[in-house]
Amino acid sequence: MTQKLVIIGAGMAAGRVLDHLTDAQENGSGADWDVTLFNAEPRGTYNRIMLSPVLSGDKTYGDIVTHDDDWYSAKGVDTRFGVKVTEIDRVAKIIRGDDGREVSYDKLVFATGSNPFIIPMPGHDLDGVIAYRDLEDTQEMMSLTAGQKAVVIGGGLLGLEAAAGMAARGVEVTVVHLMGHLMERQLDEPAGYLLRKALVDKGITVKCSANSKEITGENGKVKALMLDDGTELPCDLLVMAVGIRPNTGLAADIGLACGRGIHVDDQLGTSDQNIFAIGECVEHNGDIFGLVAPIFDQAKVLAKVLQGEDAEFVNREVSTKLKVTGCDLFSAGDFAEGDDRDDIVFRDPARGVYKRLVLQDNKIIGAVMYGDTADGSWFYGMIKDGTDVSDMRDTLIFGPAYQGGSSSDPLSAVAALPDEAEICGCNGICKGEIVKAINDGATDLGAIRATTKASASCGTCSGLVEQVLAVTLGDEFVVPTEAPMCGCTDLTHEDVRRLIKSQELKSMPAVMQELGWKTSCGCHVCRPPLNYYLLADWPLEYSDDPQSRFINERKHANIQKDGTYSVVPRMFGGMTTPDELRAIADAADKYSVPTVHVTGGQRIDLLGVKGADLPAIWKDLNDAGMVSGHAYAKGLRTVKTCVGKDHCRFGTQDSTGLGIQLEKALWGSWAPHKVKLAVSGCPRNCSEATCKDIGVVCVDSGYQIGVAGAAGMDVKETERLADVATEQEVLDMTIAFMQLYRENAKYLDRAYKWVAKVGLDWVKEQVVENEDERNALIERFKISQSVYQKDPWAEEIAKEADQYEPIANLTLEAAE
Amino acid sequence: MTNWIDIGPLEAVRKRGARIIKAPGRDLAVFRTIDDDVFALVNACPYRDGPLSEGIVHGRMVTDPLYNWVISLETGLAQGADEGSVETFPVKVENGRILLDLETVAQRSAA
């Protein structure tokens, strides 16, 4: 007996169900169905996945149609395209469309798909703000011409396809992504970095960790996207590709059980025994679906159920193998880190290849691959089968075709550098010139220095030059062993600093990928120095990562051994006022500060402040006009002064005023280690300027600037950098020295250790003798200060105050 | 028996960060890794009670902010040459909310 089947939605899921049903009927098996198909889009079924090639111009709409009108009429399907279903009577089993026509059903299938999620920010309803979902959206993107601008919100698969498709048409595209790296659901950070790099190479601008604030318009049409940091991105079209929501509206209206999607059981049945649902609109055991593989599985199961056969849908774990704009990606399984898990990481910086396998109990449980995904299905098979890989661990990462290879070469990062990679920054010597010198007979560091000058100046690239020697000479050269940064790399601090500059590595994933890091996200030993090197070298491009800082710099206070903190407001040049002292005294009372101590750097330390009280005490001190003293920072601490000629009968210059000027110029700057200054008004040196990182002694004729002093684990007198006549020259020399130290020293080397390595003569050449270089250093310092000279206390109060509070208080609940 | 209680949204804890949970007698800390896994431990390093919530989180480990002991977030065991362990508590994320087993917290604080 013929029964009536009605399907709402003619997308890929419905198309596949009809394929199975009509096949079965042609084979003469199962029930006989009279099918009516509703579709809100005024057309039949096409392959939505292939909209991207249509956008980029590789295919036409005709190429991607899977079921056209002819197909449906040949199969006897009654199609109602362009008709919206307005009413369903579950008792009478009748459906009515917005064309007023009714149709009755014995079984009904919801295949209503999903709706793109539109962020309800101001301006989302302007003309030219679209999603990326159907042919209309695609055509709107295709209507842009070369030179026009588009912004895509969303760095997932769909957003990137839209961006790449438009970029291929010459459109200037910017992708704005909320998360820290692209496609964070499918890719780990290193793979996300490589993908970003590939997109940037195609001319697409990518902004990660970017929060959209509002869309501005003109005459009802989109004009620009505003980010919450104030950036304005002008655009002619704005595409929101931030995700999809199962389309449950109609199902919920008629009282079917819905959660995020329409609830279905293993037979795709809903809470009404005559109604089924399939595809992106359903929720099955808490899962919702966006990939085509499980949806096609559902179609197969539903067709069998409708034919009266036994079948059940099981959501299998899927691997994702994707090609985003020509970049191969693969991910499968669980790729989180864990200490019961081992990572096997393979990086080939020159080819842009990254592969990571996550092993647990000698079985692969996750895989992420970028650039070369040929072995993806082999690894995926082993994840599914739980294959024991102990016997092939050594060569596993090389894939099925490569068993028994040699172990990887620690020098591969240097070997992979192109000939034009700069090795010696001081003298502008590239790898190719060094290789040529080696081939011409220079076989040790001394000979290289003599023939090319590479590493002959500041010397920080010596390690790299030796590695180039080792790579070029092979066994004939033994690299003197110098300690690498940490277990994550074989490179030394100096190597890493040099390569960050010469290879223009501007993010932590960039450093780790291009320099072949052995772990996926570093460790507590390498992350703080990398964070410093990146922010010092790329102040405008890199954004500081608080999670890669030690506690004191993350909480802007010094942690004490009992877990409380000490708080030190800044007193420029050691000067204070009765009002400031009263505010400090009030704060000490209010927050029950047990210890108040005057520091050696001429300011007042409030010790024993509770972590949760930090934002409040800072607020009080801010309100009294004080800022953080950075007493916790690897950066500028204090400028200690004596009272100078205004009061002292021996004073020769305004030492206090000069100290204040210096502190006002330098405060807020991060450095490889702490930096302390002092200015003394006469050679009696009451402010102890001759054992500081930078110390100025005033004399009748002007100022003596000393550097590289210390009074810590080592006690060392400063060495004379220069004698100058004016305060301006003191400021210039000091800032230039600070910047040279910031740009070149190894993390945790105080200035005196660094000067001992590079030599005072080299420092003088840069800072004193070469005026152009001095001015360039000052300019770069100013650029850095434009970003970093800010009061961290005020910032924390404004943005992060809740982080200082407990997330929850269970003292009452748990006691009950 | 378990009694999962909601202690807040996942976003309340930074990636590679931690937040304190006040509990009877002592503080706990809930950690979030770069891959959005969460762990709950007593907020005290076995060596001199360093507040682990303030340490650097890397992989599934945290480094004690006072003396650089490295503690496994999964097992609570000190890594490397150091010996000691920190109590861990059942915690999970569902629908973007962090859930902690109050039963275990209550039992251990009563004991």
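**View 1. Salt bridge between D545(A) and R16(B).** In this predicted model, D545(A) and R16(B) form a salt bridge whose closest N and O atoms are 2.7 Å apart. A salt bridge is a side-chain nitrogen of Lys or Arg within 4 Å of a carboxyl oxygen of Asp or Glu. The count between chain B and chain A is 3 salt bridges. The model is predicted, and local features need pLDDT of at least 70, side-chain atom pairs count only at pLDDT 80 or more, and totals for chains, interfaces and linings use all residues. Residues are numbered from 1 along each chain as its sequence is written, chains are lettered from A and ligands numbered from 1 in the order in which they are written, and side-chain values use heavy atoms, with hydrogens and water left out.

**View 2. Extent of the interface between chain B and chain A.** Contact (heavy atoms within 4.5 Å) involves 45 residues of chain B and 42 residues of chain A. About 3400 Å² is buried between the two chains, 56% of it on carbon and sulfur atoms; this is the accessible area (1.4 Å probe) lost on putting two parts together, summed over both. On the side of chain B, R14(B), R16(B) and I56(B) lose the most area to chain A, together 22% of what that side buries.

**View 3. Pairing of β41 of chain A with β2(B).** Strand β41 (residues 808-809) of chain A runs parallel to β2(B), joined by 2 bridges. Strands (E, at least two residues) are DSSP runs, numbered from the N terminus, and two of them pair if DSSP finds at least two bridges between them. A808(A) stands opposite I21(B) in β2(B).

Terms used. Helices (H or I, at least four residues) and strands (E, at least two) are DSSP runs, numbered from the N terminus.
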